[in-house]
Amino acid sequence: MNFVSTRNQETVVSLREALEAGLAPDGGLYVPKEYPFFSPADFDHCHTHAEVANLLLRPFFAGDEDLAPKLAAICENTFNFPIPLVPVAARPNDYLLELFHGPTSAFKDVGARFLAGCMEAIAESEFFHLKRTVIVATSGDTGGAVAAAFYNRRAIDVVILYPEGRISSRQEKQLCAWAGNVRAFAVKGSFDDCQRMVKEALLDVKVENRIWLSANSINLGRILPQMVYYAHASLTLWRRKQGSEKAKELPGFIIPSGNLGNSLACIWAKKLGLPIGPIHLAFNSNRGVVDFLDNGTLPAHPTVPTLANAMDVSKPSNLERMQHLFPLHSELQNQISASTINDDEIRAEIQTSEKEWGEALCPHSAVATVARKKLSRAEAFKAKEWVMVATAHPAKFEAIVEPLVGHVIQVPELLRQILLRPSSRRIIEADYAALKSVL
Ligand SMILES: *Cc1c(COP(=O)(O)O)cnc(C)c1O
């Protein structure tokens with residue numbers, strides 16, 4: 001399949017080009033040129049996430065000689081941890097979709113592992129092995145997922161930049177616990193400084209004769225596999241209802257959102273024909289998209305820090321992809337709704353979460369469960385069943401969650417293994433020359 005820029009239908013690229021480029025040359029984002037269409041019954045023989053992935057993503061890989069034959073293996077390798085749809089005991093028609101059982105305990109493992117698999121396949125297909133370096137600026141979860149996903153992959157190095165002293169100690173550990181092909185640098189500056197340094201590296205194509213790649217959340221290779229868990233969850237609920245009078249009722253999804261990559265994947269899955277009902281985006285106090293949906297302009301508020309820090313975004317990149325899919329504002333308003341949840345509400349929710357949801361919630365997942373309770377009557381009525389997306393494990397945010405629930409949160413085994421690894425950190429000045437000298 002080919003992909004086009006959101007800003008120009010004439011800019012047509014292959015999957016491979018879209019994966020390697022990140023941004024289109026005109027500054028737009030790559031989107032599928034056309035959307036395949038499935039009916040739920042097409043997936044009758046697909047039960048695992050890897051099986052659903054292999055069928056759902058096949059049209060996007062069609063025509064790419066190097067990547068298409070490896071799709072099945074990439075899917076197997078990406079979806080090798082559970083993604084359970086857990087019924088909520090006290091609320092018979094509510095579910096939590098737990099996306100946090102991967103190596104770094106956040107949903108970003110899915111996109112990072114898939115992208116790593118694709119990039120390894122691309123590198124292996126070349127006669128001359130060009131050295132590739134993935135460079136990523138991180139304010140928390142992305143860097144850890146990318147590091148874990150690319151660690152020990154052949155022919156690809158990883159450079160991670162993060163703002164010194166501005167991420168949690170567990171997050172830092174996840175960045176610095178690697179050796180070999182993964183290097184992390186603490187930058188004496190802000191996240192914005194890190195991002196600027198990444199942009200300079202991506203433009204400075206001649207450094208070390210390498211190909212520089214970006215693994216940030218606008219990369220198509222991260223969005224495509226995220227459709228899979230929405231497809232799988234919606235098919236699970238759909239199958240249960242076949243043959244009953246409820247067969248036509250479609251579940252709603254509530255997604256904690258920041259840069260809109262995860263929610264875009266849900267919208268695309270629905271567009272591909274999966275049995276998905278209303279889609280609700282839950283934001284923290286960075287409420288730009290809520291206002292945008294109301295009146296069509298994105299307010300120029302600065303980003304405010306919140307407890308759900310992975311969602312502290314004021315200008316979400318993927319909004320451009322949503323607008324491309326639904327060019328009429330009224331159409332977008334019909335497709336999604338949104339709400340904003342403040343830190344006090346998040347705190348209160350975490351405090352009561354174990355009693356209500358059977359487990360402690362991370363601050364991001366709590367945004368979704370509060371949003372569920374606050375859905376307007378009209379909104380709540382649009383679906384009989386609601387799936388709330390849980391994006392990270394509470395143990396990743398223990399400094400926030402433990403004081404609120406009053407006990408220690410047990411660390412998942414995969415995360416524990418990372419935290420036990422020896423770690424080392426290097427500090428560099430916040431300018432590109434400093435980065436270049438250590439590469
Ligand atoms: C990145 C992240 C989000 C926000 O996802 P987007 O795709 O940027 O909207 C939500 N929760 C957690 C835990 C995250 O790491």
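1. Where is Asp 204 found? Asp 204 sits in a loop. That loop runs between α8 (191-203) and β9 (211-214). The model is a predicted one, and the points below should be read with that in mind.

2. What does Asp 204 contact, leaving aside its neighbours within four places in sequence? The partners are Trp 212, Tyr 432 and Lys 436. Asp 291 is another matter. In sequence, Asp 204 and Asp 291 are 87 residues apart. In space, their C-alpha atoms are 38 Å apart.

3. Now the ligand. How many residues surround the ligand? The count is 15. The closest are Lys 108, Asp 141, Gly 258, Asn 259 and Thr 391.

4. The side chain of Lys 108 places an N or O atom 2.5 Å from an oxygen atom of the ligand. For the side chain of Asp 141, the corresponding distance to a ligand oxygen atom is 2.7 Å. Leu 260 takes part through its backbone: an N or O atom there lies 2.9 Å from an oxygen atom of the ligand.

5. Lys 108 also belongs to a helix pair. Helix α5 (residues 108-124) packs with helix α9 (residues 220-241) at an angle of about 125 degrees. Their axes are 8 Å apart. The two helices are therefore oblique to each other. The crossing of α5 past α9 is right-handed. From α5, the contact uses Lys 108, Val 110, Gly 111, Ala 112, Phe 114 and Leu 115. From α9, it uses Gly 221, Arg 222, Pro 225, Gln 226 and Tyr 229. By class, the residues of this contact are six nonpolar, three polar and two charged.

6. The crossing is left-handed. The split by class is two nonpolar, four polar and one charged.

7. A further helix pair is α14 with α17. Helix α14 (residues 343-357) and helix α17 (residues 398-405) pack at about 60 degrees, and their axes are 8 Å apart. These helices are therefore oblique to each other. Their crossing is right-handed. Arg 347, Ile 350, Gln 351 and Glu 354 come from α14. Ile 400, Val 401, Leu 404 and Val 405 come from α17. This contact divides into five nonpolar residues, one polar and two charged.

Key:
Residues are numbered from 1 along each chain as its sequence is written. This is a predicted model: local features need pLDDT of at least 70, side-chain atom pairs count only at pLDDT 80 or more; totals for chains, interfaces and linings use all residues. Side-chain values use heavy atoms; hydrogens and water are left out. A crossing is left-handed if the near helix is turned anticlockwise from the far one by less than a right angle, and right-handed if clockwise. Helices (H or I, at least four residues) and strands (E, at least two) are DSSP runs, numbered from the N terminus. Ala, Val, Leu, Ile, Met, Phe, Trp, Tyr, Cys and Pro count as nonpolar, Asp, Glu, Lys and Arg as charged, and the others, Gly among them, as polar. A residue is near a molecule or strand if one of its heavy atoms lies within 4 Å of it. A polar contact is a pair of N or O atoms within 3.5 Å; within protein, one must be able to donate a hydrogen and the other to accept it, and residues adjacent in sequence count only if both atoms are side-chain atoms. Contact means heavy atoms within 4.5 Å. Axes are lines fitted to C-alpha atoms, for helices over the stretch in contact, and angles run from 0 to 180 degrees between N-to-C directions. Angles under 35 degrees count as roughly parallel, over 145 as roughly antiparallel, 65 to 115 as roughly perpendicular and the rest as oblique.
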